[in-house]
Amino acid sequence: MPLALKSWMANEGPKHFIMMVWVGVNVFLFWRTFMLYYSGAQYYYLHKMLGLGLCISRASASVLNFNCSLVLLPMCRSVLTLLRGSQRVTGRQVRRCLDKSKLFHVACGITICVFSVIHVSAHLMNMVNFSVRYSEDFPELNVAQYKGQDPRILILSTVPGVTGVLLVIVLCLMFTASSYSIRVSSYEIFWYTHNLFIVFYLILMLHVVGGALKYQLNVEAHPPGCLHKNLSSHSPLTNHRAAGEKDSRSVCREEARFQTHFPQTWLWVSAPLCLYCAERLYRYIRSTTEPVTIISVVCHPCDVLEVSMLKSGFKPRPGQYILLNCPSVSSFENHPFTLTKCPTVKNASFGIHLRVLGDWTSRFSQLLIKQSNSSEILPMMQQKRYPTVHVDGPFGSPSEEVFNYEVSLCVAGGIGVTPFACVLQSLFEGWCQYKLKRLYFVWVCRDLQSFYWFADLLCGLHERLWHNNRPDYLNVQLYLSDSQGLQNIGEERYRFLSSRLQIGRPKWKLLFQEIGRANQHKRVGVFCCGPKGISKALHTLCNSNPHSGTAFEYNKESFS
């Protein structure tokens, strides 16, 4: 399918531009540092001793410093949310780039792992060369105590060596536990190992204190390779003349003096680390000082719970999400949940829908259901029975942009409907205040009972739009992908949903063509929260410009 440049630029251009700039900076840092240690006069003797191992180790260290300073920034959720909300400061394309923060975090993490392997390999070469090329003329340069010393002893007896080993162990744990299979099968392992980043940065600060590599201070008084009466005539660091060549080197005015570098890592890492720690402290205070009250728990079909809560001063926007912590389940784990109901003037409560899937949600649901023992809303006098919870947030997400298009297409798969439930709820409260003029809502489920989660909301919104002579505002399409069992919604009050229900999977290309014909020369915001198959199909269609004259901008819901 041929890609249309305009559509591709709208969806991929800013992201690829930022990635190209990031790659370019990495290449520039690597090459500049490599050439500095390869040809710099102050590193002449050190380079003669260590060879390419010096250049590669220092060049990779520059890349590591750069990425260790960047990897924390995409995880500053409050800062990103603040930027997303400042629409006068950030345009739509900038806000869409902020939605890729998780991707950038992963890219920086992989780069740190790759260049850590290069850095460690180069330093292993350096340790061997420190032992083999022990210098008697420049004892300050030596790390080894004598020629031929075991390199393993050098590693385990120096601060950079010991801290380097610890950094490799911590990084291996964080990297392996970040794999998709572990995150899905055991989120707890991913959560606890990923928080080892605190240990990683503490050890990193100590790692650069060792001062194993030194540069020459007095290059003018002692030009590299000059003759000095105290130097051995057969020194490998000074004697580099070919056989029969006349020695034309200048005479040294003084002996070479060497000094360790001021640690560069601190300059790179300090500001981002302080920002991240301050942001985490702010979030901790905000989530723990304001109490959260659970006012109701409702059991829905297919192991889904609706939890309604109250929190003073909590003012989220439709489409945002929160991090939920329940100390009775785990004191340290925070799990993201999209808000399905935001506070309004008439109702100050907010709510989430969570599917019981995994250890944490299973234990949390047991605490909630054990206290209620029914699917009914409990009276206010019984609220104290619910477990204590802390709410961190709200945080921005791509779904906030639904209202910033004249036409939006929201596609949900199963429980992925939650980001759009709050959007529908806001439209129910009043759609006239938004830029949005038409909303296409497509919901694909395997189980017919799943549609009952928000059946009342969909029917209520349709009825309100119908009474206000705006039946074309909302286009609802429901798809039941599993054709086994019951095929229709039988209740009379849900007749609207029954008329919109289709068996099978959506024909995405035909849907895009239909939307394109109805919305000529407009930008359509496409929002997806569901399985990878649906997401990939929508992404491809948005880039391929299936209908001439209509631009489709792709936005994918992804918690960071």
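Author: In this predicted model, six strands form an open sheet in the order β3-β4-β7-β6-β5-β8, and their pairing is antiparallel. The edges are taken by β3 (292–300) and β8 (390–395), each of which has a single partner strand, so that one side of each is left without a neighbour in the sheet. On average, and with direction ignored, neighbouring strands of this sheet are turned by 35 degrees against each other. Strands here are DSSP runs of E with at least two residues, helices are runs of H or I with at least four, and both are numbered from the N terminus; two strands pair if DSSP finds at least two bridges between them. Angles run from 0 to 180 degrees between N-to-C directions, along axes that are lines fitted to C-alpha atoms, for helices over the stretch in contact.

The numbering of residues starts from 1 along each chain as its sequence is written. Because the model is predicted, local features need pLDDT of at least 70 and side-chain atom pairs count only at pLDDT 80 or more, while totals for chains, interfaces and linings use all residues, and side-chain values use heavy atoms, with hydrogens and water left out.

Strands of a sheet pair through backbone hydrogen bonds, either parallel or antiparallel. Strand β5 (residues 321–325) is joined to strand β6 (residues 335–341) by four bridges, and the two run antiparallel; here Leu324 is placed opposite His335 of β6. Two helices then pack on the sheet. Helix α4 (residues 77–85) touches β5 and β8, and its direction makes about 40 degrees with that of β8. α14 touches β6 and β7 (350–355) instead, with its direction making about 25 degrees with that of β6; a touch of this kind, or contact, means heavy atoms within 4.5 Å.

On one hand, two bridges join β6 to β7 in an antiparallel arrangement, where Lys341 stands opposite Gly351 of β7. On the other hand, six bridges join β7 to strand β4 (residues 304–311), again antiparallel, and Val304 has Arg355 of β7 as its bridge partner. Five of the six residues of β7 are buried, so this strand is largely enclosed by the rest of the structure. Buried means under 20% relative accessible area, exposed means over 50%, and partly exposed lies in between (1.4 Å probe, protein chains only).

Helix α14, which packs on this sheet, also leads to a nonpolar core, that is, a set of buried Ala, Val, Leu, Ile, Met, Phe, Trp, Tyr and Cys residues joined through side-chain atoms within 4.5 Å. The largest such core has 41 residues, and those that touch the most other members are Leu424, Leu427, Leu439, Phe441, Trp443, Phe451 and Leu474. At least two residues of this core are supplied by each of β9 (407–413), α14 (418–429), β10 (438–445), α15 (455–467), β11 (474–480), α16 (495–500) and β13 (523–529). Among these, α15 gives the largest share, six residues.

Asp472 sits in the loop between α15 and β11, and it is partly exposed, with a relative accessible area of 41%. In sequence, Asp472 and Tyr440 are 32 residues apart, yet in space they are 9.7 Å apart, C-alpha to C-alpha.

The protein chain has 18 helices and 14 strands, and 50% of its 560 residues count as buried. Of the contacts in the chain with a separation of 6 or more, 76% are between residues 24 or more positions apart.
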